[in-house]
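Here is a short report on one protein model. Keep the sequence and the 3D view at hand as you read.

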Amino acid sequence: MSTDRTAENAIPNKDKRPSAVRGLDAIGTSGGSTQKFADVEAIERLEDAERRYHAIFDSAIDSGIIALDLDGLVTNWSRGAERLFGWTEAEMLGQHADRIFTPEDREAGIPASEIENARRDGRASDERWHLRKDGSRFFAHGALTPLSGTRVAGFVKAVRDVTDQHASRAALEEARLRAELMTAASRLGTFDYDLVQGTLTWDDNCRALFGLPPGAPVTYAEAFLQGVHPDDRGPAEAAVDVALDPASGGKVEVEYRTIGIEDGKVRHVAARGQMFFEDGRAVRLLGTVQDVTDARIAEARLRETEQRLRLANRATNDAIWDWDLVSNHVTWNEAVERAYGHRLADVLPTGEWWIGHIHPDDRERIEDSIHAVIDGEGSDWTDEYRFLRADGGHTEVLDRGYVLRDAEGRAIRMIGAMFDQTDRKRIEASLREEATGLAEQVEQSRGELERLWASSPDLLLVIDFNGFFRRVNPAWTTVLGYTADELVGHHVNEFVIGDDHAQTTDAYTLAASGGSPTVVNRYRHKDGSLRWISWAAAPSGELTYATGRDITGEIEAHEALRQTEEALRQAQKVEAVGQLTGGVAHDFNNLLTVIRGSVDLLRRHGLPEDKRARYIDAIADTAERATRLTNQLLAFARRSALQPQVFDAAANLLALETMLRTLGGSRIETTFDLSDAPYWVETDPSQFDTAIVNMAVNARDAMAGEGTLSLRVSRVDTLPPVRGHAAVDKPHVAVSLTDTGTGIAPDQIDQIFEPFFTTKDVGQGTGLGLSQVFGFAKQSLGEVEVRSEVGRGSTFTLYLPEAAAPLINAVGASETEPLPRGACILVVEDNRNVGEFATHALAELGHESYWAQDAEAALAKLKQDAEQFDLVFTDVVMPRRSGIELAEEIARQYPKLPVVLTSGYSHVLAQEGSRGFPLLRKPYSIEELASFLADAVKDKR
């Protein structure tokens, strides 16, 4: 038998006789009878083994058994292989085994690779797609192993169809991936709490809702309980406790807030879970958590806008309604009474009342159309119907509504407006009636139609099916500014804005096919402005007749609703100004009461000298208080004219030590943390001291007279960011006052610097102390920062830019000598009363004076005889030319003539200073006036 027919050794012989019989023929009779019987017996045993082999080989009908030679040619093909692949044994014997592989596997060399792997490793196993005789494919598991114990070398391959298992695995994997994607897309987190082992398992979505990073370890106490908002821990634990009882069904549904364990962010979380029991004992809790923060925030904002919406409703004559779809509560504005006669007190706030007042013939249609929007995904609703008036008649209305939805898309509210369109409907009906019989009745009805055409306030139009104007009524000129000659023969889209071209084209196309279109589009007015026009049309013959109503006002009214929030913000600003004005008026009225009362008492005859002195002191003290009040207001407004000097902040603080201890009282311990090194700043030392005292008084009141006040001065390289302002990278001196008082509530931190804001009882404070601190800090190019904790106290830190050390003057200062009596002073003051006071005061000091009412009069007087004056004393704020401008002009023309400025307030002084001229602040005493004048004359000598 030749080597290229090795298949004959592995398959049944084509000769129907058993192979053993054929072998006996080959042996012949040459061996003797005994030997012959022995050989026959051996052959029979061989045939029996061969029959068993083939029975086993062909009985594996669920698997295909294939024998291959070393070159991959088929030497044996089982019945199972015939069933799987469709080829018969005769068709496959001697064929190469790559026939059962897919073309792409053959191209990739998979058959040869499989034989090589089996030869090298003793086995090659894989799962892949295989090819049937009919060209179909199936997924199979195949194992190829070398033949052993046979005379002829080769391989045997077992193939089993696993297409169903493969499809099941693929479907399972697809379902798993889909579940993961759905969970991620819905932002659901999952949890698994094993109550027996006490272990808690979260996915990363769940961790994120508690402010934890992916993979962070979690426990019930340190993750769940710690992450739940303290106010919500009780309800959350109670929900779990209820689910522990098998009688409850084991369901957990609870909503709570979380505070991110690492990010500190507050979130609203909805949790749903199912408890599982064994032998009546809760053993496991599985469930999901979902972030519902956006929904809760949206609900809160919705509540905030309700009041604004009610106010905006009054801005229109249309009946505006607000329908809470959750509670079925409908709110109407006053127009429902003005337009339709229904008293608000008699209107039931329900959807049923509204629907019940719709004409019976329209009711079902309106209910269907409005619920189609509410129950669907839309937001805009528009429809027309007849509405029942209080007098029993019906009004044709056009109603528009807008649906508000929560974060999950559920309709929760609907707001709309309906307006009376009875006249419009009457015109439309008349127009349609006339259009229907126009061909036959044109001569009879021309006069009436023309009157209607000419008098209609709405736009009337005849347009062809291609969109070209054929006729327009005079209302086009009134509403849009175009004459008939400018319209007729032109295409409608020449006047409609580009964004509305498509819907306009759809409308006249629908009319051409016999429909009655309605459309709202925007036209460009001849002056360039936009107008919203609502159209209704009907075709007749080869033309379309349409009527349009200008609804720009209604559209603008809806836009006004959206602008309410901005208007409210402006109202809050006005309220703040009113609060400031009221506070100033209140305090100044108190001061003026003391002054006026004291003056009235001083006018009494026979008043004892001690009482006269007491009333005079009361007036002086009240004037000083008024001065402090105006200075505090100017400091807060950053309009106080500072007199900056370079000084040591620590030294000034030390100089205030006795005063601060006295302010605090015996039960407040005042400590100072001051180093020997100087802390130089350049600002107004008087305002600095006032700011320190105001902060100390505030601390004393916060401690109710008992506690510890600590003052500290330090140097910082950078001004930290405060109230949203960026950090300033330059050295600052920080003066800190720390108290052990009640602290400041977080919602009041941003209010404490507002003028007249105070938590004290009436009469115990003006509320301007901290306002002065704030204004002084800002005007000094610094900042004031507050850090506070309720129940533990507060720290106020005043930051001022660090200044260079001042140069030391070797010449000692000399005492200021008073101005010699008899000096002549030019007084420039536009206020007659103040001018007369200044001249009288100078006369008391023994000086002569001349009063000029403005800068021009003063310059004219100097031009006459400047030599007669020793000094000019001028107000800053005057009409036409200010005191500073006058002083600069005098310095230019008369450089040796000294000038002293005086003012109670000037924005120029606040922004630019006195430009080197000495400034005496109003109100001033006679002693201060004398000192300033003497200093000014001395400096000019």
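W354 has a relative accessible area of 0%, so it is buried. Buried means under 20% relative accessible area, exposed means over 50%, and partly exposed lies in between (1.4 Å probe, protein chains only). W321 also counts as buried, at 0% relative accessibility.

This is a predicted model: local features need pLDDT of at least 70, side-chain atom pairs count only at pLDDT 80 or more, and totals for chains, interfaces and linings use all residues. Residues are numbered from 1 along each chain as its sequence is written, and side-chain values use heavy atoms, leaving out hydrogens and water.

## Aromatic pairs

A pair of aromatic rings is described by the distance of the centres and the angle of the planes. Rings of Phe, Tyr and Trp (its six-membered ring) pair if their centres lie within 6.5 Å; planes under 30 degrees apart are stacked, over 60 edge-to-face, and the rest tilted. By this rule there are 24 aromatic pairs. One of them is W321 with W354, a tilted pair with 4.5 Å from centre to centre and 40° between the planes. W321 sits in strand β11 (residues 319-324) and W354 in helix α13, so their pair ties together parts 33 residues apart in sequence. Helices (H or I, at least four residues) and strands (E, at least two) are DSSP runs, numbered from the N terminus.

F469 and F495 form a stacked pair, because their ring centres are 5.8 Å apart and their planes are at 25°. F469 lies in strand β17 (residues 469-472), while F495 lies in the loop between α18 (484-487) and α19 (501-512), so this pair ties together parts 26 residues apart in sequence. F469 is buried at 0% relative accessibility. F495 is buried too, at 8%.

## A cluster of rings

Which residues form one aromatic cluster? They are W321, W323, W332, Y340, W353, W354, W381 and F387.

## Two positive phi angles

L781 is not a glycine, yet it has a positive phi of about 65°. Look for L781 in the loop between α26 (769-779) and β26 (783-789). L781 is exposed, at 67% relative accessibility.

R880 is not a glycine either, and its phi is positive at about 65°. R880 is in the loop between β30 (871-875) and α29 (883-893). Its relative accessible area is 66%, so R880 is exposed.
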